[in-house]
Amino acid sequence: TRLILATRNAGKITELRSILADAGLPHDLVGADAYPDIPDVKETGVTFAENALLKAHALAQATGHPAIADDSGLCADVLNGAPGIFSARWAGRHGDDKANLELLLAQLSDIPDEHRGAHFACAAALALPDGTERVVEGQLRGLLRHAPAGTNGFGYDPILQPEGDTRTCAELTADEKNAISHRGKAFRGLVPVIRELLG
Ligand code: ITT
């Protein structure tokens, strides 16, 4: 069966294809870019789970195929969880990863290491054309660096140092990141649900 990846974020697509391939999912994974005429859904939810479901339902309805979606972000303890669901447009322009990261670093410039705890969060949603829905969430705890390091990954990866590591997410290999990441945890949790509902 065809399974739609309801995202246009290239970094997510790369990671999702790898995570789902490692899990042995037999489905034909088709990116949302294969449906350029379907408009982006407005992310009006107030949680990662709500927004992931909005995106999955929109693609499942529009294509008639089951769809999975990812809503994710970086939550800084000292900012009470911000940028959170606003991570993709923290500096104003949607998807400007460099500006978002630089603004956040500037906002935290006076914050000492003991208060730089943060986590990445991911909600993985599955929606079927008949309206059936499931969500699984995952997190990755870490520390926010004072300056970016590394060139792998995307988004805020150069400033998040996972707990128990001395490198940032952008200094991990793709496989190392997927093994511990919020996205890896959420989608590996969704795999048995996909198998159960889609076969
Ligand atoms: P879609 O809605 O099309 O999936 P998007 O980029 O708009 O793409 P989100 O609204 O979920 O997706 O925003 C997620 C943002 O959170 C993303 O732009 C990154 O800045 C950040 N983010 C999420 N996961 C990340 C990760 O694994 N590493 C670094 N940054 C991440």
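Reader: What makes a local feature count here?
Author: The model is predicted, so local features need pLDDT of at least 70, side-chain atom pairs count only at pLDDT 80 or more, and totals for chains, interfaces and linings use all residues. Residues are numbered from 1 along each chain as its sequence is written.

Reader: How many helices and strands does the protein have, and in what pattern?
Author: The protein has five helices and six strands. Along the sequence they run β-α-β-α-β-α-β-β-β-α-α. Helices (H or I, at least four residues) and strands (E, at least two) are DSSP runs, numbered from the N terminus.

Reader: Why is the protein called as compact as a globular protein of that length?
Author: The globule rule is 2.2 Å times the number of residues to the power 0.38, and the radius of gyration is taken over C-alpha atoms. For 199 residues the rule gives 16 Å; the radius of gyration is 17 Å, close to that, so the protein is as compact as a globular protein of that length. Along its principal axes, the C-alpha trace spans about 50 × 30 × 25 Å.

Reader: Why is Gly73 called buried?
Author: A residue is buried if 20 or more other C-beta atoms lie within 10 Å of its own, exposed if 12 or fewer, and partly exposed in between; C-beta atoms are placed from the backbone. Gly73 has 23 C-beta neighbours inside 10 Å, so Gly73 counts as buried. Its place is in strand β3. Of the 199 residues of the protein, 39% count as buried.

Reader: What is Gly73 in contact with, beyond its neighbours within four places in sequence?
Author: Gly73 is in contact with Phe48, Pro83, Gly84, Ile85, Ser87 and Ala121. Contact means that the two C-beta atoms, placed from the backbone, lie within 7 Å. Across the protein, residues 24 or more positions apart account for 61% of the contacts with a separation of 6 or more.

Reader: Thr44 and Thr47 lie in which loop?
Author: Thr44 is in the loop between β2 and α2 (48-63). Thr47 is in the loop between β2 and α2.

Reader: Why do their exposure labels read as they do?
Author: Thr44 has 8 C-beta neighbours inside 10 Å, so Thr44 counts as exposed. Thr47 has 15 C-beta neighbours inside 10 Å, so Thr47 counts as partly exposed. Thr47 and Ile85 are 38 residues apart in sequence and 6.7 Å apart in space, C-alpha to C-alpha.

Reader: How do you know that the span of α1 agrees with its length?
Author: The expected span of a helix is 1.5 Å times one less than its number of residues. Helix α1 (residues 10-22) has 13 residues and should span 18 Å; its end C-alpha atoms are 19 Å apart, which agrees.

Reader: Which residues of α1 are buried, and what puts them on the same side?
Author: The buried residues of α1 are Lys12, Glu15, Leu16, Ile19 and Leu20. They cover an arc of only 125° around the axis, which puts them on the same side of α1. The arc is that of the directions from the helix axis to the C-beta atoms. The face turned away carries the exposed residues Ala10 and Ala21. The cover over the buried residues of α1 includes β1 (2-5), β2 (28-31), β3, α4 (174-180) and α5 (182-198).

Reader: What makes the buried residues of α3 line one face?
Author: In α3, Asn100, Leu101 and Leu104 are buried. Seen down the axis of α3, they fall within an arc of 95°, so they line one face of the helix. The face of α3 turned away from its buried side carries the exposed residues Lys98 and Ala106.

Reader: What stands out in the backbone of the loop between β3 and α3?
Author: Most residues other than glycine have a negative phi, and most peptide bonds are trans. Asn80 lies in this loop. Its phi is near 55°, a positive value in a residue other than glycine. Asn80 has 8 other C-beta atoms within 10 Å, so Asn80 is exposed. Pro83 is in the loop too. The peptide bond from Ala82 to Pro83 is cis, with omega near -5°.

Reader: How many residues surround the ligand, and which are the closest?
Author: There are 24, the closest being Thr7, Asn9, Ser87, Ala88 and Gly155. A residue is near a molecule or strand if its C-beta atom, placed from the backbone, lies within 6 Å of it.

Reader: What makes up the shell around the ligand?
Author: The shell divides into six nonpolar, ten polar and eight charged residues. Ala, Val, Leu, Ile, Met, Phe, Trp, Tyr, Cys and Pro count as nonpolar, Asp, Glu, Lys and Arg as charged, and the others, Gly among them, as polar. β3 (67-76) and α3 (97-107) each supply at least two residues. The largest share, five residues, comes from β3.
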